[in-house]
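Please look at the structure before reading on.

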Amino acid sequence: MTRQDKDPLRVAVFVSGRGSNLQALIDATQKGQSSARLAAVLSNRDGVYALERAQRAGIPARVFLRRDYASRAEQQAAMLAYLRQVGAELMVLAGFDQIVEPSLVRALEGRVINIHPSLLPSFGGGLHGQADALAYGVKVSGCTVHFVTEGVDTGPIIMQAPVPVLEDDTVETLSARILEQEHRILPAAVELYAEGRLRIEGRRVRILPPAGKSD
Ligand code: GRF
């Protein structure tokens, strides 16, 4: 059975801030032809613009503040309970600035993806992929959507988009150019997942042809 015959895949989006990647997912899933639907937004911060975007789109959103829990593990255990409650099938980290606990990764293995603003494995493991690329002096950077594993930014890569680093770039101009590509590849990766077209083979992610077509 193909996804087209089924209910749309229930996607939960994790955010911490501005939520422009969340917006790209909202726009893509509202087009009507998506195999995914946004079932919930989870934030580890209060009052962020991403929550407003969720509210405007009518997506249930819940805030899990670190200070309300004894540990990050307990905070993320509460997130996991909420994911189960809403029946989330795919989790998307879209500008989520917390490290995901190994227990959460294990509970959701193969069902969590992340967008990172560099061409991994370069400039992973932190929150400043764009600044690090600029400081290093690379001529090409970009963004990566990958499966989340226990290592930070080291999981199997689903999609990447390259972006040139220009002579007069600042962190802001480079980030903006990368962000445009993030908004393109994140919804594309979610759609591929929802269509059941991603197969993890060791470190590699094979993208299968659309249903009804062969290689
Ligand atoms: C993006 O650059 C994302 O790759 C990084 O944080 C930023 C979040 O932006 N992890 P937004 O909240 O989606 O606008």
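The largest pocket holds about 760 Å³ of space. On a 1 Å grid over the protein atoms alone, a pocket is an open set of points with protein on both sides within 12 Å along at least five of seven lines; a cavity is a set of points where a 1.4 Å probe fits but cannot get out; lining residues have an atom within 4 Å of a point. Grid points are joined across faces, edges and corners, and a volume is the space filled by probe spheres set on the points.

The model is predicted: local features need pLDDT of at least 70 and side-chain atom pairs count only at pLDDT 80 or more, while totals for chains, interfaces and linings use all residues. Residues are numbered from 1 along each chain as its sequence is written, and side-chain values use heavy atoms, with hydrogens and water left out.

The largest pocket is lined by 32 residues, and Gly95, Phe96, Asp97, Ile115 and Leu127 are the closest to its centre. α1, β5 (112-116) and α6 each supply at least two lining residues, and β5 gives the largest share, 3 residues. Helices (H or I, at least four residues) and strands (E, at least two) are DSSP runs, numbered from the N terminus.

The ligand sits in the largest pocket, meaning that more than half of its atoms lie within 2 Å of the pocket's grid points. Around the ligand are Arg18, Gly19, Ser20, Asn21, Gly95, Ile115, Pro117, Gln130, Leu179 and Glu182; a residue is near a molecule if one of its heavy atoms lies within 4 Å of it.

| Residue | Part of the residue | Distance |
|---|---|---|
| Arginine 18 | N or O atom in the side chain | 2.6 Å |
| Asparagine 21 | polar backbone atom | 2.9 Å |
| Glutamate 182 | N or O atom in the side chain | 2.7 Å |

Taken alone, the ligand exposes 360 Å², and the protein buries 84% of that. These areas come from the Shrake-Rupley method with a 1.4 Å probe. α1 (20-29) and α6 (171-194) are the elements that give two or more residues to the shell around the ligand.

How do the residues divide by class? The shell around the ligand has 3 nonpolar, 5 polar and 2 charged residues. The lining of the largest pocket has 12 nonpolar, 15 polar and 5 charged residues. Ala, Val, Leu, Ile, Met, Phe, Trp, Tyr, Cys and Pro count as nonpolar, Asp, Glu, Lys and Arg as charged, and the others, Gly among them, as polar.

A search of the whole structure finds 1 cavity of 30 Å³ or more. Phe14, Met91, Leu93, Val100, Leu104, Leu108 and Val112 line the largest cavity; by class, this lining has 7 nonpolar, no polar and no charged residues.

Two backbone details remain. The peptide bond from leucine 120 to proline 121 is cis, with omega near 10°. Proline 121 is in the loop between β5 and α5 (129-136), and phenylalanine 123 lies in the loop between β5 and α5. Phi of phenylalanine 123 is near 60°, a positive value in a residue other than glycine.

Definitions and conventions
Polar contact = N/O pair within 3.5 Å; in protein donor to acceptor, adjacent residues only side chain to side chain.
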